[in-house]
Amino acid sequence: MLDSGSNMELIQLVIGITVVICIKLFIFKFFYNRFRLAKLSPEELKFDKIRKFYSKLKKNKALNKNEILRHTKNLENRILVFQALKNHNKLNLFPNEFLKREKASESYLANWLNMNDEFDSIPDEIHFFETIDLDECTSFLIFRFKSFEPHLFANRDWMYGYVGYNKLDIDPYAIPEIIFSEFDNKIISADKIKKKALFK
């Protein structure tokens with residue numbers, strides 16, 4: 001029978017082996033991903049987040065409606081799904097309920113927040129609030145968003161984000177003219193929005 005000292009040594013050995021295996025797997029995955037990404041064309045790199053979906057599209061394989069809907073519901077991937085289907089002349093497969101400027105803007109804002117140095121994540125909740133027309137050419141879609149603990153901004157509750165467009169561009173997934181947020185829980189005035197739009 002093993003004494004407590006032997007048991008401790010056995011536990012330490014198991015932990016040591018587990019740590020070594022985890023480190024090796026991490027290193028392998030890191031270099032594998034770098035090698036895989038280096039081999040991708042610029043277009044494949046752009047659609048890497050939806051690579052299985054994009055691969056099926058490229059190979060002209062049948063796409064399941066539920067699969068398309070699942071990817072489209074994902075805030076981070078929605079724009080990519082639209083662009084991938086558009087590039088392959090299959091926009092008829094894009095779910096109609098997401099073929100709106102509000103749904104596109106929701107995704108653009110979420111991705112902007114994810115890449116923003118201050119916010120640095122996709123919000124846990126995001127909802128369209130209202131549209132403000134600044135003039136005959138420019139409109140802003142306003143969204144409320146928030147993140148839960150342990151996010152740094154969780155204590156701020158609902159904050160507002162702004163996505164500005166040229167109203168003459170009828171493509172619902174057109175790239176916005178400007179995206180910004182003050183990370184505040186009050187909507188800023190139309191004058192302040194206009195100033196932001198002028199100095200974008």
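A charge is taken to sit over an aromatic ring if NZ of Lys or CZ of Arg is within 6 Å of the ring centre and within 35 degrees of the ring normal. In this predicted model, arginine 156 lies over the face of phenylalanine 153, at 4.0 Å from the ring centre. Arginine 101 is placed over the face of tyrosine 165, with 4.1 Å to the ring centre.

**Aromatic pairs**

Phenylalanine 153 also belongs to a cluster that ring pairs build from Trp112, Phe119, Phe145, Phe153 and Phe183. The count of aromatic pairs comes to 13. One of them joins phenylalanine 119 and phenylalanine 183, which are stacked at 5.9 Å centre to centre with 5 degrees between the planes. This pair links distant parts of the chain, 64 residues apart: phenylalanine 119 is in the loop between helix H6 (101–115) and strand S1 (125–133), and phenylalanine 183 is in the loop between strand S4 (178–181) and helix H7 (190–198). Phenylalanine 119 counts as buried because its relative accessibility is 2%; phenylalanine 183, with a relative accessible area of 5%, is buried as well.

Tyrosine 162 and phenylalanine 180 form another stacked pair, with 4.8 Å between centres and 15 degrees between the planes. Tyrosine 162 lies in strand S3 (residues 159–166) and phenylalanine 180 in strand S4, 18 residues apart. Both tyrosine 162 and phenylalanine 180 are buried.

**Salt bridges**

Seven salt bridges are found in the whole structure, among them the following.

| Glutamate 76 | Lysine 49 | 2.9 Å |

Lysine 49, in the loop between helix H2 (42–46) and helix H3 (51–58), is 27 residues from glutamate 76, in the loop between helix H4 (65–73) and helix H5 (78–87). Lysine 49 is exposed at 53% relative accessibility, whereas glutamate 76 is partly exposed at 24%.

Glutamate 67 is buried, with a relative accessible area of 12%, while lysine 56 is partly exposed at 30%.

Glutamate 182 is in the loop between S4 and H7, and lysine 192 is in helix H7, 10 residues apart. Glutamate 182 is partly exposed at 29% relative accessibility; lysine 192 is partly exposed at 39%.

**Nonpolar surface**

Met8, Ile11, Ile15, Val19, Ile23, Phe26 and Ile27 make a nonpolar surface patch of about 680 Å². Isoleucine 15 is in helix H1 (residues 4–38) and counts as partly exposed at 49% relative accessibility.

Methods:
Residues numbered from 1 in each chain as written. Predicted model: local features only at pLDDT ≥ 70, side-chain atom pairs only at ≥ 80, totals over all residues. Heavy atoms only, no water. Phe/Tyr/Trp six-rings, centres within 6.5 Å; stacked < 30°, edge-to-face > 60°. Helix = DSSP H or I, 4+ residues; strand = E, 2+ residues; numbered from the N terminus. Buried < 20%, exposed > 50% of the residue type's maximum accessible area, 1.4 Å probe, protein only. Patch = residues over 30% accessible without salt bridge, like charges linked within 9 Å, V, L, I, M, F, W, Y side chains within 5 Å. Areas by Shrake-Rupley, 256 points an atom, 1.4 Å probe, with all protein chains shown as cover. Salt bridge = Lys/Arg side-chain N within 4 Å of Asp/Glu carboxyl O.
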